[in-house]
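Me: I am new to this structure and would like to go through it step by step. Could we look at it together?

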Amino acid sequence: MHRMFASALFPLSLLATAPLLAQDAPPKMSPEEAAMMAAYQKAGTPGAAHAAMAKMAGSYDLSIRSWNSPGAPPIVETGTATRTMALNGRVLVEDMQSQMYGQPFTGHGMSGYDNVTGKYWSTWNDSMSTGLMVSEGSCDAEGACTFNGSWNDPVTKGKINARMTTKWTSPTVEVFEMYAPGPDGKESKMMEITYTRK
């Protein structure tokens, strides 16, 4: 992580120190340095995908259904979520409050679009874990998305792989679904959250 951060700052440091060396002349970069600077600027500039995410900012009421096992009746709970844009329009941050199995539950997620990979990404932390869920996916022109991610199972200590989908069923309603392997190893729906904008 520190190496990646340092490599990202190196081209910028060239510009920052150049005025100290020549107060009355603009910094001169080699063609390679100019190309590197252009690549970093392109990678860091918010675009259409980020503007689309910004439209999701706001406050929501949540209807939550979760399944302990395939075919079992769902556990139904409610909650709220607030979404805001951070880092000057680059990242959508979600803070959630609800009940989970009758206990207070809070969650914190971030999502964005990586200009370098051309993929959407998301992270999730919550009050039922000290770990991190990381996902990557793609979205279509209507805003329907599919993500694949994983987290560490507290029981087996291994990875649990999951598939998540989101779609807007109306301008004010988004439906999130999560699927993971059931007891038989086959994919099973484990959670559905309906977000209704306030």
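Me: Which side chains meet in a salt bridge at 3.0 Å, N to O?
Reply: Those of arginine 83 and glutamate 94. A salt bridge here is a side-chain nitrogen of Lys or Arg within 4 Å of a carboxyl oxygen of Asp or Glu. Please note that this is a predicted model, in which local features need pLDDT of at least 70 and side-chain atom pairs count only at pLDDT 80 or more, while totals for chains, interfaces and linings use all residues. Residues are numbered from 1 along each chain as its sequence is written, and side-chain values use heavy atoms, with hydrogens and water left out.

Me: Where do arginine 83 and glutamate 94 lie?
Reply: Arginine 83 is in strand S2 (residues 75–86) and glutamate 94 is in strand S3 (residues 91–100), 11 residues apart. Helices (H or I, at least four residues) and strands (E, at least two) are DSSP runs, numbered from the N terminus.

Me: Are arginine 83 and glutamate 94 buried or exposed?
Reply: Both arginine 83 and glutamate 94 are buried. Buried means under 20% relative accessible area, exposed means over 50%, and partly exposed is in between, with a 1.4 Å probe and protein chains only.

Me: Over which ring does the charged end of arginine 83 sit?
Reply: It sits over the ring of tyrosine 195, 4.4 Å from the ring centre. The rule asks for NZ of Lys or CZ of Arg within 6 Å of the ring centre and within 35 degrees of the ring normal.

Me: Which ring does arginine 163 lie over?
Reply: Arginine 163 lies over the face of tyrosine 179, at 4.5 Å from the ring centre. The side chain of arginine 163 also forms a salt bridge with that of glutamate 187 (2.8 Å, N to O). Arginine 163 is in strand S8 and glutamate 187 is in strand S10 (residues 187–197), so this bridge ties together parts that are 24 residues apart in sequence. Arginine 163 is partly exposed, with a relative accessible area of 27%, and glutamate 187 is partly exposed at 48%.

Me: How many salt bridges are there?
Reply: The count comes to 7 salt bridges. One of them joins glutamate 192 and lysine 189 (2.5 Å, N to O). Glutamate 192 is buried, at 14% relative accessible area, whereas lysine 189 is partly exposed at 23%. Bridges with shared partners join Arg65, Glu177, Lys189 and Glu192 into one network.

Me: Changing topic, how many aromatic pairs are there?
Reply: There are 3 aromatic pairs. Rings of Phe, Tyr and Trp (its six-membered ring) pair if their centres lie within 6.5 Å; planes under 30 degrees apart count as stacked, over 60 as edge-to-face and the rest as tilted.

Me: Why is the pair of tyrosine 60 and tryptophan 168 tilted?
Reply: The planes of the two rings are at 55°, so the pair is tilted, with the centres 6.5 Å apart. Tyrosine 60 is in strand S1 (residues 58–66) and tryptophan 168 is in strand S8 (residues 159–170), 108 residues apart. Tyrosine 60 is buried, at 0% relative accessibility, while tryptophan 168 is partly exposed at 25%. Ring pairs link Tyr60, Trp168 and Tyr195 into a cluster.

Me: And the largest nonpolar core, which residues touch the most other members?
Reply: Leu62, Ala162, Met164, Met178, Ile193 and Tyr195 do, in a core of 24 residues. A nonpolar core is a set of buried Ala, Val, Leu, Ile, Met, Phe, Trp, Tyr and Cys residues joined through side-chain atoms within 4.5 Å. The elements that give two or more residues to this core include helix H3 (48–54), strand S7 (145–152) and strand S9 (173–181).

Me: What is methionine 178 in contact with?
Reply: Leaving aside neighbours within four places in sequence, its contacts include Met133, Trp151, Ala162 and Met164. Contact means heavy atoms within 4.5 Å.

Me: Lastly, how many helices and strands does the protein chain have?
Reply: The protein chain has 3 helices and 10 strands. From the N terminus on, the elements run α-α-α-β-β-β-β-β-β-β-β-β-β. Of the 198 residues in the chain, buried ones make up 30%.
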